[in-house]
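Morning, everyone. Please have a look at the model first.

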Amino acid sequence: MANLIITKPLLALRGVLIFPGMIANLDVGREKSIAAIDAAEATDKQIILVGQKQPEQENVAADDLYEWGVLANIKQRLQLPNGAVRLLVEGLERVHVLNAAEVHENEQEFFVGEVEVVPADDAVDAEAEGLRRLLLDAFEQWVLLTKKVNPDTVQSLKSRTDLSKVPDIIVGYLPLSLTEKEELLEMVPLKLRLRKLYEILVREQEIADVAKNISEQVHQQVEQNQKEYYLREQIKAISKELGENEDVQAEIAEYKEQMSKLKMPQNVAEKINKELGRLAKMPPMTPEGAVIRTYIDSLLALPWGKFTKDNFDLDKAQAVLDNDHYGLKKVKERILEYLAVRALSKSTRGPILCLVGPPGVGKTSLASSIAKAIKRKFTRVSLGGVRDEAEIRGHRRTYIGSMPGRIIHGMQTCGCMNPVFLLDEIDKMASDFRGDPASALLEVLDPEQNNSFSDHFIEFPFDLSHVFWIVTANAVDTIPPALLDRLEIIQLSSYTDEEKVKIAQLHLLPKELKLNGLEKYKVSVSEKAIRRVIHDYTREAGVRNLERKLAGICRKVAFKIVKGKGKGAQVTEKNLEKYLGPVIYLDDDISLKSSVGVANGLAWTSVGGELLKVEVLAFKGKGNLTLTGQLGDVMKESAQAGYTYIRSRAEALGIAANFGETMDIHIHLPEGAVPKDGPSAGVTMVTAMVSALIGKKVKGKLAMTGEISLSGKVWPVGGIKEKMLAAYRYGVKTVLLPKRNMQDLDELPENIRKEMQFIPVEHLDDVLKLALEDKNE
């Protein structure tokens with residue numbers, strides 16, 4: 001039987017579709033739509049509802065409508081205040097739109113549709129019934145998950161006998177797109193529609209299940225956040241009552257202000273902000289809060305991005321160095337060379353100078369003068385006695401009382417990225433179970449690594465490549481080779497008496513007068529008095545004891561002035577003992593008289609050069625060789641080598657060939673309590689032994705130095721300048737030294753080279769000819 005074809009007014013729906021069996025409200029505002037409603041009400045109140053393909057389109061034509069719709073009955077009409085109409089409609093049957101056209105009636109324009117009514121397929125078989133049950137169960141589960149539909153709706157659907165209406169009613173409750181609804185509307189076969197809707201419901205169940213889990217998680221999180229918020233508000237209220245919260249917020253604001261003034265890396269700023277966030281959440285008096293504050297203070301105390309401008313005026317720099325220190329020509333030249341290179345080069349990498357010399361020669365004060373000359377800030381770290389690696393690299397923050405290392409602390413103290421940084425007494429470091437601090441310094445002093453120095457406490461790489469490093473040491477023997485390789489060694493030798501006099505007049509005496517409050521009084525110390533202080537009271541490589549003696553003179557003068565016994569003082573050579581007491585070093589302490597078995601050697605120590613007496617006694621015995629005077633292994637080996645040489649050359653030297661079996665020899669080096677070592681006394685010990693064995697005197701005003709070999713050759717030694725200054729200080733006029741050491745005499749002041757005679761020797765035969773007196777002499 002053919003389907004019924006009817007013509008009815010047509011209403012275009014936007015964004016909504018009505019299915020058979022569905023009762024819904026529609027708000028209608030377009031003039032054509034209202035005209036279609038009026039035409040329907042004028043007849044049997046039946047109207048065709050068809051969805052438009054583009055819901056946002058205002059003016060539609062017949063081609064803009066879907067080909068399937070629903071025949072509906074207008075159950076109620078309500079006029080709204082804004083001129084729109086609200087309809088209550090009930091879907092009756094599916095319709096297939098055969099033709100849609102605009103018509104004009106009663107001066108109104110609206111759509112009229114010629115449609116074919118497609119009756120419902122209510123034939124139920126086992127498959128259809130099975131699909132119905134599956135569909136209703138799935139819908140019930142979806143209702144329970146979403147809780148958006150009244151559960152009674154499920155029960156009413158289960159009791160319906162018109163099976164074709166069940167899926168159409170369910171579609172109205174599901175959140176489907178307009179395209180999916182239109183697809184279901186166009187599905188006329190009931191089984192196909194049931195199967196399709198069941199698939200959609202299964203999908204919606206999964207979506208609802210996921211949404212429910214997410215909702216529960218969010219709900220739990222919200223509950224947790226609300227709980228934390230409530231507790232924090234309580235803490236804030238308590239803190240506010242105690243006046244603590246305001247202090248914390250003010251502290252955080254102050255930290256933020258300090259951060260804004262620094263050019264710190266982004267990762268450092270992020271770390272500080274994170275720590276500030278933690279600080280804001282915790283009670284003020286917690287131990288963890290103190291650790292966070294210490295850490296933030298350490299980071300903010302570093303001079304991120306702060307630089308000082310160097311002074312490239314070489315004349316001014318030289319004037320500063322000359323004004324602060326007398327002599328030290330080589331060191332001053334090296335500093336000026338550095339400034340010249342920095343003026344021409346854009347490289348910020350600085351040298352690593354190692355000032356090596358005896359105590360009191362001005363190594364530490366010279367580093368301060370260098371900073372003043374190039375207009376950089378100065379910071380100093382003493383490494384003497386440091387045994388713990390953490391002193392250099394810092395402690396990890398996991399330990400109680402942890403803090404940055406001395407390097408980072410020095411950078412915090414100076415307040416800039418390019419200071420002059422002095423590492424004092426680097427040769428006095430040691431190592432134990434806590435690590436090796438010298439190894440930790442390798443990264444600090446390596447130009448290839450120190451641009452990202454890592455301190456355990458700071459935890460961020462810090463750039464040390466702009467630092468002008470200066471290292472001081474008394475000797476390089478105890479510095480590890482790997483560390484020594486990174487240093488540029490500059491030797492600071494002992495001062496001559498002339499240099500000491502100038503230093504005392506230009507620097508030491510004015511300084512002590514100022515420190516002792518004697519600037520306004522007439523106090524003078526004559527040059528001869530200073531020379532006598534140097535000769536009789538202070539025999540040293542540097543000027544530290546000289547400064548102490550001048551300070552002692554100033555204290556005596558200050559005491560006299562305060563007691564009212566004068567308004568000044570003139571210290572001369574004659575009245576010097578009134579201020580310093582009896583002479584400490586008498587001329588007779590070291591005799592320069594010629595003696596048998598006594599020779600003058602020259603030694604180098606960490607405090608300068610020294611005249612070393614070697615005494616030898618030869619007497620009848622069994623050929624024993626005795627060594628006393630706290631001699632080191634190297635010096636003992638030199639004595640043994642010399643003794644062997646003498647035995648091999650006994651006849652040529654005029655000694656009995658069997659003396660090694662009939663004579664005992666005792667070698668002693670005073671002072672017995674002072675340890676001595678090194679090969680430099682080899683020549684001296686051989687000369688003294690030969691003198692004692694053949695009975696010839698060794699010239700008293702002659703000194704010698706040099707290492708010996710078994711064949712009698714004289715090898716070069718070190719510390720020539722200090723040894724020659726010691727010889728000059730004790731009044732020695734002639735010195736025998738290895739020929740290959742003659743080039744080292746260029747370092748001596750010209751006046752000393754003129755007053756003394758230096759004789760090069762290559763073999764022990766030459767030494768003995770020059771050192772031993774003839775019997776006629």
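Here is how these pieces are arranged.

This is a predicted model, so local features need pLDDT of at least 70, side-chain atom pairs count only at pLDDT 80 or more, and totals for chains, interfaces and linings use all residues. Residues are numbered from 1 along each chain as its sequence is written, and side-chain values use heavy atoms, with hydrogens and water left out.

Helices first. Helices are DSSP runs of H or I with at least four residues, strands are E runs of at least two, and both are numbered from the N terminus. Take α21, residues 633–648, and α23, residues 682–694. Their axes come within 9 Å and cross at roughly 45°. Axes are lines fitted to C-alpha atoms, for helices over the stretch in contact, and angles run from 0 to 180 degrees between N-to-C directions. Which residues of α21 and α23 make the contact? From α21: M635, S638, A639, G642, Y643, Y645 and I646. From α23: G682, M685, V686, M689, V690 and L693. Contact here means heavy atoms within 4.5 Å.

Now the sheet. In what order do the 5 strands run? The order is β8-β9-β12-β7-β13, in an open sheet with parallel pairing. Two strands pair if DSSP finds at least two bridges between them. β8 (378–382) and β13 (488–491) are at the edges; each has a single partner strand, so one side of each lacks a neighbour in the sheet. From one strand to the next, the twist averages 20°.

Last, one pair. β7, residues 352–356, pairs with β13 in the parallel sense over 4 bridges. V356 is opposite Q491 in β13.
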